Amino acid sequence: MNGAIAAASEELGAMASQQSFLTEHFDTIITVAITILGFVVTYLMTKKSLSDEIKKDKISRTMDTLRELPYEICQLMEKMLQSKGKRQGTIVKEYREMMAKVIAYGSKDAVKIAIKIQQISHQTSENAKEGMSMLAGYSLLITQIKYDSTSEAISPDSWLKLKMNDYPNIEAEMTKTINRLVDELGLNRKFLV
């Protein structure tokens with residue numbers, strides 16, 4: 001029995017010694033814990049900040065590349081309206097370059113529109129309805145790229161109203177075509193005319 005008492009007494013002495021150590025070094029333990037926590041938080045914040053800066057740089061570079069694309073598409077549409085069969089080689093080359101930029105740098109929705117324009121161009125056989133679909137696709141592409149770079153939604157038929165003298169004659173059909181493409185491709189509802 002004396003052995004059990006002695007063992008219990010030793011345990012109590014060890015516990016008192018541990019409590020005494022914790023009490024005496026409490027401030028040091030707290031300082032070390034706060035320092036370690038500070039290092040971990042600083043590391044995580046720096047990692048997140050670096051990741052955010054890399055994303056911001058990627059977006060900035062993409063926007064620099066796409067900045068002139070809506071203007072280039074407007075110019076191409078102008079050439080298409082003026083040429084009506086002439087200089088097709090130059091227009092086709094410009095078209096391919098623009099579509100390559102859209103595929104490489106455009107948003108998911110811009111790429112969907114570019115693919116739809118490509119599909120329509122393969123179906124086109126000088127059919128007036130297909131030509132309207134092409135113009136609607138281009139106007140949506142301009143609107144999408146502008147929206148991606150400025151977060152401002154303009155009406156997709158703005159360019160058509162500006163450049164086509166006979167637009168009032170086809171406005172109802174073009175509005176249907178634009179709205180059909182917006183619904184079909186699942187585009188931003190702000191693009192509806």
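Which residues have the most contacts inside the largest nonpolar core?

1. The model is a predicted one. Its largest nonpolar core comprises 36 residues, and Ile73, Tyr138, Leu141 and Leu160 are those with the most contacts inside it.

2. Six helices are each represented in this core by at least two residues: helix 3 (69-83), helix 4 (88-105), helix 5 (108-123), helix 6 (128-150), helix 7 (158-163) and helix 8 (167-185). The greatest contribution comes from helix 6, which supplies nine residues.

3. Leaving aside residues up to four places away in sequence, Leu141 touches Ile73, Met99, Val102, Ala110, Ile113 and Ile117. One of these partners, Ile73, is itself among the core residues with the most contacts.

4. Turning to charged side chains, the structure contains seven salt bridges. Several of them are described in the points below.

5. A second pairing joins the side chains of Asp109 and Lys112 in a salt bridge, at 3.3 Å from N to O. Here the spacing is three residues within helix 5, so that about one helical turn separates Lys112 from Asp109. Is Asp109 buried or exposed? At 17% relative accessibility, Asp109 is classed as buried, because the cut-off for that class is under 20%. Lys112, at 29% relative accessibility, is classed as partly exposed.

6. Asp183 and Arg189 form a further salt bridge, in which the closest N and O atoms are 2.5 Å apart. Asp183 has a relative accessible area of 45% and is partly exposed. Arg189, at 52% relative accessibility, counts as exposed, because that class begins over 50%.

7. Which residues are linked in a network of salt bridges? The network links Lys116, Arg180 and Glu184. A reader viewing the model may wish to display these three side chains together.

Terms used:
Residues are numbered from 1 along each chain as its sequence is written. This is a predicted model: local features need pLDDT of at least 70, side-chain atom pairs count only at pLDDT 80 or more; totals for chains, interfaces and linings use all residues. Side-chain values use heavy atoms; hydrogens and water are left out. A nonpolar core is a set of buried Ala, Val, Leu, Ile, Met, Phe, Trp, Tyr and Cys residues joined through side-chain atoms within 4.5 Å. Buried means under 20% relative accessible area, exposed over 50%, partly exposed in between (1.4 Å probe, protein chains only). Helices (H or I, at least four residues) and strands (E, at least two) are DSSP runs, numbered from the N terminus. Contact means heavy atoms within 4.5 Å. A salt bridge is a side-chain nitrogen of Lys or Arg within 4 Å of a carboxyl oxygen of Asp or Glu.
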